[in-house]
Amino acid sequence: MEGTQGGSNAPAPFLTKTYDLVDDPSSNHVVSWSDTGCSFVVWDPTEFAKEMLPMYFKHNNFSSFVRQLNTYGFRKIDPEQWEFANEEFLRGGRHLLKKIHRRKPIHSHSMQNHEYSSVPLSETEREEYEKKINRLNHDKSLLELELQRHQRENLEFDYQIQILQEQLQKMEHQQKQYTSFLAQLLQKPGLASILVQNQKSITKREDC
């Protein structure tokens, strides 16, 4: 299973594979370290899912990859792009991967036991829950910002499409007028001759 650790001191395969694909300079146009080396950026999610994920993880589901990152404590730190960070995932710090561990899920029955138990939460447990709540609030805020950005972009696209449609309708109307006028000329050769003579007369007067 992807993400299972082979030993107590060995990093999870998911982490080593992710490190390898980020650290590969040949794919920097798709995914690379940030300038600081403290995070990495997926520049082209479509190409990343199509080409990189099958090569390393035998699937092409970008959402699944992001969920896997979350289980290891990675955070999306920029609402404008797919940039992820973990305190122990650093450029040149492959040896630090063993310090990254999968988060333990909070089961509903354990929450109920805490809720109805007469024994209060320990300080460590309380801090852990507070950290998770704060992290969820942070991730929620980032998602809301990203949603707002996409909504603004959609409004701009709709406006541009409306303008293009109006321009297209105007051009189609002009095209019909020109086509109709040309058809009339072809049906009445005499009319075409008169127009040509009138144009010659106008040209002569202008020359004088």
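Modeller: Two strands pair if DSSP finds at least two bridges between them, and strands (E, at least two residues) and helices (H or I, at least four) are DSSP runs numbered from the N terminus. This is a predicted model, in which local features need pLDDT of at least 70 and side-chain atom pairs pLDDT 80 or more, while totals for chains, interfaces and linings use all residues. Residues are numbered from 1 along each chain as its sequence is written, and side-chain values use heavy atoms, without hydrogens or water.

Colleague: How do you know that E2 and E4 pair?

Modeller: E2 and E4 share 4 bridges in the antiparallel sense, against the required at least two. Phe40 stands opposite Phe84 of E4.

Colleague: What is the order of the strands in the open sheet?

Modeller: The 4 strands run E1-E2-E4-E3, with antiparallel pairing. E1 and E3 (75–78) each have a single partner strand, so they stand at the edges and one side of each has no neighbour in the sheet. From one strand to the next the twist averages 35°.

Colleague: Which strands does H1 touch as it packs on the sheet?

Modeller: H1 touches E1 and E2, and its direction makes about 90° with that of E1; angles run from 0 to 180 degrees between N-to-C directions of lines fitted to C-alpha atoms, for helices over the stretch in contact. H3 touches E2 and E4, at about 25° to the direction of E4. Contact means heavy atoms within 4.5 Å. The buried residues of H1 pack against E1, E2 (39–42), H2 (45–57) and H3.

Colleague: How many aromatic pairs are there?

Modeller: The count is 16, where rings of Phe, Tyr and Trp (its six-membered ring) pair if their centres lie within 6.5 Å; planes under 30 degrees apart are stacked, over 60 edge-to-face, the rest tilted. Tyr19 and Trp33 have centres 5.4 Å apart and planes at 70°, and so are edge-to-face. Tyr19 is in H1 (13–23) and Trp33 in E1 (31–33), so this pair ties together parts 14 residues apart in sequence.

Colleague: Why is the pair of Phe62 and Trp82 given its class?

Modeller: The centres are 5.1 Å apart and the planes 85°, over 60, so the pair is edge-to-face. Phe62 belongs to H3 (62–71) and Trp82 to E4 (82–85), so the parts tied together are 20 residues apart in sequence.

Colleague: What lies over the face of Trp82?

Modeller: Lys76, at 5.0 Å from the ring centre; the rule asks for NZ of Lys or CZ of Arg within 6 Å of the centre and within 35 degrees of the ring normal.
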